[in-house]
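Subject: Structure handover and notes

Dear colleague,

I am passing on the structure we discussed, with the sequence alongside it. My notes on what was found follow directly below.

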Amino acid sequence: MRALLLRPRARERFGLGPFFRVEPLGLEYLGAALRRAGHQVEIRDLRLARGLGSRRPDWVGLSCIHTLDVPETLALARQVKQRWPGVFVMVGGHAASADPDAFAGPEVDAVGLGPGEHSVPLLVSALERGAALAGVPGFRLRAREAQREHPTDIDPKLLPARDLVAGFRTGYRCVHRSPIWAIETGRGCPFRCAFCAVGRADGYQPRDLGVVVRDFETVGGDVFVIDDLFFYPRDRSRELAGALAARSVKKRWVLAQTRADTVVRGAEVLEAFRPLAERFDLFFGFEAATDRRLAELRKDATVGDTEAAVRLCRDLGFGVTGNFVIDPDWGEADFEDLWALLDRLRLDRVGFTVLTPLPGTDYHQSQQSRLAEKDFARFDMHHVLWEPRLGRRRFYELMVESWKRNVLSSGNASRRWLTWFRGIGVREALALAGVLYRTQRLMNVDAYLSDTFPPELPAVLAE
Ligand code: B12
């Protein structure tokens with residue numbers, strides 16, 4: 001069977017989306033699994049290519065990992081059905097698994113739940129034989145009789161079919177670094193933060209150590225390890241660092257995502273990994289500035305962990321980017337707490353996102369009835385989805401003030417930007433300047449307000 005796998009276009013209103021363009025790794029794993037089963041595969045990354053191509057495929061698979069991509073994914077599914085009437089359309093990826101109901105319309109025939117490397121070839125084989133689809137695990141089908149919705153596991157021995165995106169490689173970037181490669185050493189997270197749905201899937205699933213080392217050996221010099229929680233579990237991490245060192249694997253730059261408490265309790269793991277890259281950056285979700293707010297988010301970590309992690313990373317020579325979530329229910333004092341912590345941490349790179357009830361999270365369940373904004377395209381962690389406690393204008397003024405006090409302001413923080421520009425080439429410097437230009441929109445209160453759902457008119461005006 002001939003498969004066409006599509007990564008939809010991204011509709012980015014705010015944020016650094018265009019500067020963090022990461023390869024569609026999920027589709028590359030599906031591509032590898034499908035080829036192993038004897039099928040033909042083409043991947044088109046519609047962030048970088050135009051059109052669906054000329055050859056009619058036997059079926060089409062769409063990846064939807066972000067809820068904000070749901071409207072674009074549905075529009076693409078409709079376009080596919082129009083172009084090739086009768087073609088079978090599947091959608092998968094994190095956002096589809098977390099909220100399969102969003103894809104209940106006629107344009108989608110099957111929604112993949114969880115990892116697809118086992119389930120997708122099984123469904124395709126059933127399609128090929130004209131057999132019943134209902135017995136295939138890991139899907140929700142449009143015709144919903146007697147299904148086995150339970151997701152299947154990842155295939156830890158599989159290597160992604162990276163050649164399928166070779167034509168797009170130069171378009172994959174992290175800020176000024178390009179091309180970059182994405183690697184996954186394990187999937188999932190054992191924590192249960194209220195605002196995140198990743199930990200609620202099937203816990204943590206590691207990839208085979210030898211296969212991961214081979215993957216590291218074959219990709220380029222700039223690598224984004226997309227694991228939900230890197231340096232976890234500790235013993236396996238230490239083993240991976242040892243295996244990479246034993247094969248003399250060296251990279252120019254590595255970026256990984258992790259937690260403050262994981263780092264603080266695993267200093268020796270960090271030390272073991274440090275020689276892997278000339279420059280090693282860590283992205284942390286620090287989330288909040290007080291233990292009370294952290295406990296409300298069920299982060300299971302403390303501000304003490306945040307401060308200790310930053311100190312440790314500095315000592316060991318890791319770069320730190322810290323992200324904080326700004327709750328629409330915050331008062332002025334919460335912003336003051338945030339700025340006080342930032343003054344103590346003195347981070348070079350900081351990000352702020354609006355605490356957003358993403359489908360599949362406990363926070364979504366608790367806040368669903370408040371949602372004034374129903375357009376999934378605005379579930380991008382920059383829009384508010386109901387009227388904030390301080391009112392939208394004041395809320396965004398304080399959010400903008402948070403950005404301004406930190407790294408992205410061209411005025412306040414130009415000194416820090418200069419350190420970013422140091423030692424990089426002309427092409428990279430131009431890309432960085434583009435980032436600086438684009439981020440100025442993050443500091444424009446009216447840009448947020450003009451793109452936010454219409455205010456509820458006071459009853460007297462509405463009459
Ligand atoms: C890499 C990544 C990114 C990259 C982009 C990746 C890309 N290719 O587009 C970057 C860094 C740019 C990014 C940005 C953001 N991200 Co992001 N990202 C991830 C991350 C860490 C890994 C995704 C990945 O590659 N996984 C590895 C591959 C192998 O897995 P996979 O894609 O899930 O594929 C498997 C299955 O899903 C399935 N499958 C996949 N496709 C298909 C298709 C079919 C047809 C089928 C049947 C099955 C199937 O099989 C695959 C193999 O097992 C995930 C975390 C996660 N666990 O998903 C967050 C995640 C998807 N991101 C998230 C968020 C919130 C964001 C941001 C909004 C954050 C922000 N502060 O702005 C932005 C949005 C940017 C934008 N404007 O578009 C959330 C999404 C929550 C939600 N409901 O929307 C996640 C889940 C993180 C989290 N902990 O909450 N992200």
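At 12% relative accessibility, Cys-189 counts as buried, where buried means under 20% relative accessible area, exposed over 50% and partly exposed in between, with a 1.4 Å probe and protein chains only. Please keep in mind that this is a predicted model, in which local features need pLDDT of at least 70 and side-chain atom pairs count only at pLDDT 80 or more, while totals for chains, interfaces and linings use all residues. Residues are numbered from 1 along each chain as its sequence is written, and side-chain values use heavy atoms, with hydrogens and water left out.

To stay with the cysteines, the sulfur of Cys-189 lies 6.3 Å from the closest cysteine sulfur, which belongs to Cys-193, and this is too far for a bond, because a disulfide is defined as a pair of cysteine sulfur atoms within 2.5 Å. A search of the whole structure finds 0 disulfides. Cys-174 is likewise in no disulfide, the nearest cysteine sulfur, that of Cys-313, being 18 Å away; Cys-174 is buried, with a relative accessible area of 3%.

Turning to the domains, the assignment, which is automatic or taken from a database, gives domain 1 (2–141) and domain 2 (166–450). Their centres, taken over C-alpha atoms, are separated by 27 Å, and 31 residues of domain 1 are in contact with 40 residues of domain 2, contact meaning heavy atoms within 4.5 Å.

The ligand is surrounded by 41 residues, the closest being Arg-7, His-66, Thr-67, Glu-117 and Asp-228; a residue is near the ligand if one of its heavy atoms lies within 4 Å of it. Each of domain 1 and domain 2 contributes at least three residues to this shell, which divides into 20 nonpolar, 13 polar and 8 charged residues, with Ala, Val, Leu, Ile, Met, Phe, Trp, Tyr, Cys and Pro taken as nonpolar, Asp, Glu, Lys and Arg as charged, and the others, Gly among them, as polar. At least two shell residues come from each of α1 (25–36), β4 (59–63) and β5 (88–92), and α1 gives the most, with 4 residues; helices (H or I, at least four residues) and strands (E, at least two) are DSSP runs, numbered from the N terminus.

As for individual atom pairs, a ligand nitrogen is 2.7 Å from an N or O atom in the side chain of His-66, and a ligand oxygen is 3.4 Å from an N or O atom in the side chain of Arg-47. A ligand nitrogen is also 3.5 Å from a polar backbone atom of Gly-93.

Best regards

Note on methods
Polar contact = N/O pair within 3.5 Å; in protein donor to acceptor, adjacent residues only side chain to side chain.
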